[in-house]
Amino acid sequence: PPMDLMRSEAMQLVQLIIPMESAHLAISHIGELGLIQFKDLNADKSPFQRAYAVQIKRCGEMERELRFFHDQMSKAGLPSSEGGSSPTITASFDDLEVKLGDLEAELIEINANGDKLQRSYNELAEYRLLLQRASEFFYSALRSAEAQQEDYEATQAARGESLEAPLLAEKEKSVDSTKQVNLGFITGLVPRDKALAFDRILFRATRGNVFLKQAAVDEPVIDPVSGVKTEKNVFVVFFSGERAKNKILKICEAFGANRYAFNEDIGKQSQMIKEVSEKLSELKITIDAGLVLRENLLRTIGEQFDQWNLLVKKEKAIYHTLNMLSIDVSKKCLVAEGWSPVFASGKIQSALHRATNDSNSQVDAIFQVLHTREMPPTYFQTNKFTSAFQEIVDAYGVAKYQEANPGVFTIVTFPFLFAVMFGDWGHGICILLATLFLIIREKKYLSQKLGDIMEMTFGGRYVILLMAIFSIYTGLIYNEFFSVPFELFAPSAYVCRDPACRDSTTVGLIKSRDTYPFGVDPAWHGTRSELPFLNSLKMKMSILLGVAQMNLGIILSYFNALFFKNSINVWFQFIPQMIFLNSLFGYLSLLIIIKWCTGSQADLYHVMIYMFLSPTDELGENQLFPGQKTTQLVLLLLALVSVPWMLLPKPFLLKRQHDRHHGESYAPLQDTDESSLQHPEANHDPHGHEEFEFSEVFVHQLIHTIEFVLGAVSNTASYLRLWAL
């Protein structure tokens, strides 16, 4: 059907009676159309009490498994799809559930084995470092002891002729062997940032009865427990006694120091280093094989991940919709109600018939239209050009059913106001070229997954296209190409006041030719007169644009009220709004235009301020036209009267209307009343069947009135950002 840009589509409330065996396929086909909004007929039931709660729970579990797969692929640096068109998933939902469960179990097992092997590898890597560095401690200690022994023997040999020497030697031999102390030791690695505290705690806990030797490891090592690269020190603690040993073990545990067995025999140390190196090589081969197996599994998952994800989301949406349907008393049919555009009736019936054939059902679904006085939802048909503009409008608010669509006007006003702020035809050409590139490659980008920023930019490509075109247009008016003026349409109308001058921006200008035909004369850029002239021009233009656009909004609301035959809103909301706005800011706009046309030097700030403070004073040199004082008094009186006009009558009229009219529920539509479909507000009770609360309506109208009065001032000031930017 032809797309109606100005009004939302005519809607109808439909009822579908679908056999149980074809319900799933019917909802699937209708969902692909996207032309019906279902009503929840089970609103009184909790999610766990609905018929398809188990299926939704299964879908949630499958979504969790898919998120797990996605996280694993992200950590492995693998894409979620291999690009190109993947084969269509033909497996059933039950088969996919089993397959995802098996894949998850397999991947968890591979990860667990890999983590276990990696921890063993990290432990052996630390152990090898400890063997290498601790063996250096013992080797250097052994060399030091041998050197001391040699010195001692040399000293004894030099004293050989002394009479005391034999006596001393005999005394040393007679020392009681039971008084000799056997020292034990503990070796391990401790994080370097804890090494100093580790040393101090050991000293205090043992009262200095330990000897600690530490050496820094050159490269950071992967901690077996945390799996994080950490700078560590190798340590050896020598102690005496079982109590000291127990204290040292507890301190090591508190500081996260990993302990390893160590043999002080130098020959066995070399053998252990060799054995540990061989085990590390074997573990490395096993870990690499596990990683290859894991990567192959993730690639297999990634090839169909997007299709699986889409299928699960679609199934979950279908079951959520089925939960909104009521089950017939015979439990053989599902009853659905929803809103759809009038033009979609044939498509919906065709989808229902196709579902009946695909499911081999013996009974066809029933489609019927219901008559109702409820307010239908709003549905606008969009295309790739208008969709972005419609989304901008919907982000602020969705129009009521059959109201004039602000999105149509936004197609012009949004890019134009952007161009008012950023008018530069050089800047606009750059944006235009970038946007044309996106539009030319449109088909390619539609089939690809884009990043968040790129996807947003591509979605608004036609908005940016119009922004670029309007920016070029206003840039030509401003005569700015990256802030540089050009004599594009004619030479400048101004020359130097002094023919001998070279720098016209400092000496001054006089007009010698016809006025520059289009836009700002290039000679105005950089002159002393530029700042006040362009500032005044752009500031007043911003006010004119703002007041014009606010009037456009009120006019649209006015015609909407006429369209729905809502006389209350026409006479007691939009007309006083128009009077209030134009009595103040419309009058200001008129003064701006008169001042431009007459060249008057009147101070508009003074005129507007004293219009309120001293409305009866004479205007003097600020008078712009005859009868201005009387006009201002009348406009001020109208502005004051329009406020209670907006506030008081509407709540009382709504109360009288509610007392006179009562809505009714819906019933099957026997004879379609086109007028009721097109104009539901003509006989629609704005408050439905709820109890009418006059106080709530009055407070709502009070808030609305205050909001409009303050908004008229703040919105006009807000449009000055056009001038500021």
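Reading the sheet

Guide: Please keep in mind that this is a predicted model. Three bridges join strand β3, residues 184–191, to β8, and the two run antiparallel.

Visitor: Which residue stands opposite Arg259 in β8?

Guide: In general, strands of a sheet pair through backbone hydrogen bonds, either parallel or antiparallel. Here the residue opposite Arg259 of β8 is Gly188.

Visitor: In what order do the four strands of the open sheet lie?

Guide: The order is β4-β7-β3-β8, with antiparallel pairing. Because β4 (211–216) and β8 (258–260) each have a single partner strand, they stand at the edges, and one side of each is left without a neighbour in the sheet. From one strand to the next, the twist averages 25°.

Visitor: Which strands does helix α5 touch, and which does helix α6 touch?

Guide: Helix α5, residues 195–205, packs on the sheet and touches β3, β4 and β7 (232–239), its direction making about 175° with that of β4. Helix α6, residues 242–254, also packs on the sheet, where it touches β3, β7 and β8, and its direction makes about 165° with that of β7.

Visitor: Turning to a side chain, is Gln390 buried or exposed?

Guide: A residue is called buried when its relative accessible area is under 20%. Gln390 has a relative accessibility of 8%, and therefore counts as buried. This residue is found in helix α10, residues 387–396, and, leaving aside residues up to four places away in sequence, Gln390 touches Phe380, Thr382, Asn405 and Gly407.

Notes: Residues numbered from 1 in each chain as written. Predicted model: local features only at pLDDT ≥ 70, side-chain atom pairs only at ≥ 80, totals over all residues. Heavy atoms only, no water. Pairing = 2+ DSSP bridges. Axes fitted to C-alpha atoms, helices over the stretch in contact; angles between N-to-C directions. Contact = heavy atoms within 4.5 Å. Buried < 20%, exposed > 50% of the residue type's maximum accessible area, 1.4 Å probe, protein only.
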